Amino acid sequence: MSNIVAIVGRPNVGKSTLYNRLTESRKAIVDDMSGVTRDRHYGVAEWIGRNFTVIDTGGYVANSEDVFEAAIREQVTIAIEEATVIVFVVDVTTGITDLDDEIANLLRRSKKPVFVVVNKVDNTSLNADATIFYSLGLGEIYSVSSMTGSGTGELLDAVVKTFDDDVVEENTRPKYAIVGRPNVGKSSIINALIGQDRNIVTPIAGTTRDSIHIHYNQYGHDFMLIDTAGLRKKTKVKENIEFYSVMRTIKALEEADVIILMIDAQEGIESQDINIFHLAEKNKKGIMVVVNKWDLIEKNNKTVKVFEEAIREKIAPFTDVPIVFTSVTEKQRVLKVLDVAADVYKNRAKKISTSKLNDVMLPLIEHYPPPALKGKFVKIKYVTQINASSPMFAFFCNLPQYIKEPYRRYIENKLRENFDFSGVPIQIFFRQK
């Protein structure tokens, strides 16, 4: 199962800065005004060989005073339910506030591992002030400075110890997950495929309450379908439907082999779709895009091409992804989605013999070798595919450290041109011969 680390806490304690530090990104917008985190934040982090997903919950609170605190409490409730580990961030410069106390009350009742992270301990004189947070009754505290990164190593060492061991189960059937924002038609497409109202479909966004695994076996296809609309009906959780659906999407995404990203033709691809797309790419999953509600678009002879180009521009640099235009209500091209998903699944499992790889790739490399650096020439001797769950290739050469990103791109493009890896992220390694 996927390991999800949720960062919770009241506004302005430095959740986004910690998120940036853990995922080594500058994605979250950081500002001194509380409630600035707007974007939907989830990213992949890695520590001592363990990969996990980090969620910065700050982005999921509506910024109006009356619902603000209720929304934070609700978020903590969702995080307790869905995450593997909870990182509770507090601020050494303000001490314990009422809201910190309330969050601590919720966390004490949970069965999940909770790490109290005292942030903004930017110099040693503040270490003594941090000890007050022991009184929250949540066990050990971790003093960190998200700005400088001090203390985060000890925190991560402790966090990864709580993860379950990665159990790789034998999966005989392909697993497809249909993901996308609320109300794009995920449940409708499943009903159209299965031919029965397995899910309740209503026009209100966020009505699917359960993450459903469905065994599909007809029209020559045999696979497991994971329906991620995944929201359980909880009396405690009323508002944060979007946050909840993101948590569920991440879980399904880690479980699936192929991600079917559904977008609404009327709205186009939005930042949350792009986030999910890149998360699937980072997790080395097969990906395809389904543009639903295509019947509602005014057509001319360029519509499809223009729409496709707009999508590819936004998902760059990885653009070798199949795009299918459907109308689930009109039953248009619904089965084509399955055919394409099956192709992507095959591409992800594709193995190419070493002799064939060398026959094709070495002449291309000879024709356009890596640029020389500091008067030294890089010679690539041979190439082989590494045995893994998604396509990985090792190129053996004399000076791997001299090969730069543009050349890596060139190699990837040539592999795609010659061996059809549509919908699949490729990893390329240059190794010392």
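**Reasoning from definitions in a predicted model**

Mentor: In this predicted model, an open sheet is built from three strands in the order β13-β14-β15, with mixed pairing.

Trainee: What makes β13 and β15 the edge strands?

Mentor: Strand β13 (380-386) and strand β15 (427-432) each pair on one side only, and that is what an edge strand does in this sheet.

Trainee: How do you know that β14 and β15 pair?

Mentor: Pairing requires at least two bridges between two strands, and β14 (residues 392-397) is joined to β15 by six bridges, the two strands running parallel. Within this pair, A394 stands opposite F429 in β15.

Trainee: Which helix packs on the sheet, touching β13 and β14?

Mentor: That is helix α11 (residues 354-367), whose direction makes about 140 degrees with that of β13. Helix α12 (residues 405-419), for its part, lies across β13, β14 and β15 and runs at about 120 degrees to β15.

Trainee: Turning to another part of the chain, why is strand β4 called largely enclosed?

Mentor: A residue is buried when its relative accessible area is under 20%, and seven of the seven residues of β4 (residues 85-91) are buried, so the strand is largely enclosed by the rest of the structure. Both faces are covered, with V85, V87, V89 and D91 buried on one side and I86, F88 and V90 buried on the other.

Trainee: Which strands does β4 pair with, and how many bridges are there?

Mentor: Four bridges join β4 to strand β1 (residues 4-8), which runs parallel to it, and six bridges join β4 to strand β5 (residues 114-119), again in the parallel sense. As examples, V5 has V85 in β4 as its bridge partner, while D91 has N119 in β5.

Trainee: What makes β4, α3 and β5 a right-handed unit?

Mentor: The crossover is right-handed if, with the strands pointing away from the viewer, the path from the first strand over the helix to the second runs clockwise, and the β-α-β unit of β4, α3 and β5 has that hand.

Trainee: How do you know that the buried residues of α3 are on the same side?

Mentor: In α3 (residues 98-108), L99, D100, I103, A104, L106 and L107 are buried. They cover an arc of only 160 degrees around the axis, which puts them on the same side of α3.

Trainee: Which residues touch the most other members of the largest nonpolar core?

Mentor: Of its 62 residues, these are F88, L107, V291 and I311. The contacts of F88 include D100, I103, A104 and L107, as well as V114 and V116. A second, separate core of 26 residues includes V258, V334, A342 and V344.

Methods. Residues are numbered from 1 along each chain as its sequence is written. This is a predicted model: local features need pLDDT of at least 70, side-chain atom pairs count only at pLDDT 80 or more; totals for chains, interfaces and linings use all residues. Side-chain values use heavy atoms; hydrogens and water are left out. Buried means under 20% relative accessible area, exposed over 50%, partly exposed in between (1.4 Å probe, protein chains only). The arc is that of the directions from the helix axis to the C-beta atoms. Contact means heavy atoms within 4.5 Å. Axes are lines fitted to C-alpha atoms, for helices over the stretch in contact, and angles run from 0 to 180 degrees between N-to-C directions. A nonpolar core is a set of buried Ala, Val, Leu, Ile, Met, Phe, Trp, Tyr and Cys residues joined through side-chain atoms within 4.5 Å. Lists of a residue's contacts leave out its neighbours within four places in sequence.
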